[in-house]
Amino acid sequence: MDFRIADTFTDSLARLSGEEQKAVKTTAFDLQLNPVNPGMSFHKLDQAKDKNFWSARVNSDIRLIVHKTSESLLLCYVEHHDKAYAWAERRKLETHPKTGAAQFVEIRERVEEIAAPKYAEIAQPLPSKNLLFARHSDDELLSYGVPPEWLADVHRATEESLLELADHLPREAAEALLELATGGQPQVASPTVTGGPDPFGHPDAQRRFRVISDVEELERALEYPWDKWTIFLHPAQRELVEREYAGPARVSGSAGTGKTIVALHRAVFLARKYPDCRVLLTTFSCTLANALRTKLRRLISNEPRLAERLEVHAISAIGERLFERQIGRSHVASQDVIRRFVAEAAGAVAGQKFSMGFLLTEWEELIDAWQLDSWESYRDVKRLGRKIRLPEAQRAAIWAVFEAVRSRLKEEGLITRASMFSQLARDLASRKQPPFEFAVVDESQDLSPPQLRFLAALGADRPNALFFAGDLGQRVFQQPFSWKSLGVDIRGRARTLHINYRTSHQIRSQADRLLDHEVSDVDGNTEARRGTVSVFNGPAPAVRMFPTQEEEIGAVGDWIKDCAKRDVAPHEIGVFVRSEKELDRAREAVTLAGLPYKVLDAQVETSHGHVSVSTMHLAKGLEFRAVAVMACDDEIIPLQARIERVTDDSDLEEVYNTERHLLYVACTRARDHLIVTSVEPASEFLDDLRAE
């Protein structure tokens, strides 16, 4: 007998208290050990339309709903007695007549008896021009997984009723309808991909049902019930994970579309498929690398041998490690040391006045990033879109500053990180055997030119060697540059994910107003953000301005209290501000709400039972049920200090872009609830955030 768990079970388990979860897990283990005669008041639900639904007693009030046949035992749902029974009475497990996928279907008649949804209250059909799917045939809608009994409701759907209707449909049907409504064309799994006659083998079914082989696997699956990505993978994601690529490939998508999920599974897929090869999983910061490492351990906990060939490092850390192993011990100059060397060299150039902001930007984005090592290389370089035109005599004077800096570094036995990666790239090009056959890179939009040059040398144009995941709309640390010029050409191998699983429709659609509908890189590869859909609803975000900081703090404190009353746990709440100067406002709001908090440091380790307080730069990789973004005042975002340092028009545009991206990142950490606040005058970005 196959023993399975459903995503509806893991979702409902996560909503119970800690003690209730422990009792449920014990019952689940007992069911797996003895599925034929389990005891525990195991009985059939007479009121359920699906006669294979059974109830198992967890304690005096908690009931576990099971779907039981002679071939299979499926854990479906768990809740307090009345709610558990009501869930089972409104659903049935069926094999879809068109797709062949196993799916839970909400019983249409029962929904009408309980509370007729808005889309069912329409007395007369609306004019066809207002009906979203009037021109789509029943056969087409069935091919997307729409249950036959819901076809009439789908044909009556309008823009106003679609989201509510989607909540009642199987996930693949809801996603397809949302994509159709936004102008897309859903993909339908072909019969060769469906996994044969087994309804649980269909890709759509694999997203929600998982076979559990032993008690250890069940224990791991129930230990992290919210990490559904470790169990359920969307067919579009699976196709990208398992595809063969002739060269470098990139998957993109807006926040919440599962890019990191794809990167993790891609790394594991490569390690499984090529047992004699080593795989590097990397990202731009140690913080995110630690998060990836934790998730990877959960993903391959039952395959310890894979871990021997799968390494997770921040790209700077693996660069330093490989440099020491292959070239020699390095002494990397800090940013403070570079700043001092530049200031001293600038002071020694008589008769020339250059601002430190200009010189540091020129060093970081041109001289060091592109490893310009001679006057001729600096004289002839294209200044990457910078609008300040420097005559040759002025360039010569500037080069004298940088030549002095380079000499000083050499005298002190120091190198920069850019130099380290450039030397590594040259070394790798001369080696027959790379240290890693494959590299998977998350948050690739924040790679620097030297880091990408190193990865290009590591991949050396081998098939499947390089796989990137990222979002140009979340680029906050690096200037745009040409990947192709450094040997990484992803044209024809770039794909965009459009289904958002982490953020509600209301939050996602409002946050998207901060960015353009399309974002392009320097090489002309375009990431289309239009057409992205979220698969669940939530309350509309609040954007509020206040006359004083005290009023803002009080309002956010009340909002956090209200979240707690809605059963949002403290560790499911995040509060973000632009910089450390505004952290006090966040602390005071949480204190006013009466909840404990933790101010996150560079390790970004959240604490159970504590609200997380952080700057926006540390928000990447985090997610919370409720998020407050505070202190979005004028001159705070975009940060006035950054604007004042600008010496070039293109730099000013870049400041505005990255500041927008920061606010977008902070807002999209929220799953269900979002509030964005400021003290008047507010940031100009809030006008865009509120605009329809």
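Predicted model: local features only at pLDDT ≥ 70, side-chain atom pairs only at ≥ 80, totals over all residues.
Which residue is the bridge partner of L281 in β12?

The partner of L281 is V440. The two residues belong to a pair of parallel strands, β10 (residues 279–283) and β12 (residues 438–441), which are joined by four bridges. Both strands sit within an open sheet of six strands, paired in parallel and ordered β11-β10-β12-β13-β9-β14. At the edges stand β11 (310–314) and β14 (494–497); each has a single partner strand, so one side of each is left without a neighbour in the sheet. From one strand to the next, the twist averages 15°.

Let me turn to the helices that pack on this sheet. Helix α13 touches β10 and β11, and its direction makes about 155° with that of β11. Helix α15 (residues 315–326) also packs on the sheet with contacts to β10 and β11, but here the direction makes about 105° with that of β11.

Helix α13 has a further contact to describe, this time with another helix. In general, two packed helices are described by the angle between their axes and the distance between the axes. For α12 (residues 259–273) and α13 (residues 286–299), the angle is about 55° and the axes lie 11 Å apart. That angle makes α12 oblique to α13. The crossing of these two helices is right-handed.

Which residues of α12 and α13 meet? On the α12 side they are T260, L264, H265 and V268, and on the α13 side L292, K295, L296 and L299.

Is β22 largely enclosed by the rest of the structure or exposed? Five of its five residues are buried, so β22 is largely enclosed. V611, V613 and T615 point one way from the strand, whereas S612 and S614 point the other way, and all are buried.

The pairing of β22 involves two strands that I would like to mention. Strand β20 (residues 573–577) runs parallel to β22 and is joined to it by four bridges. Strand β21 (residues 597–599) likewise pairs with β22 in the parallel sense, over three bridges.

How values were computed. Residues numbered from 1 in each chain as written. Heavy atoms only, no water. Axes fitted to C-alpha atoms, helices over the stretch in contact; angles between N-to-C directions. Parallel < 35°, antiparallel > 145°, perpendicular 65-115°, else oblique. Left-handed = near helix turned anticlockwise from the far one by under 90°. Contact = heavy atoms within 4.5 Å. Buried < 20%, exposed > 50% of the residue type's maximum accessible area, 1.4 Å probe, protein only. Pairing = 2+ DSSP bridges.
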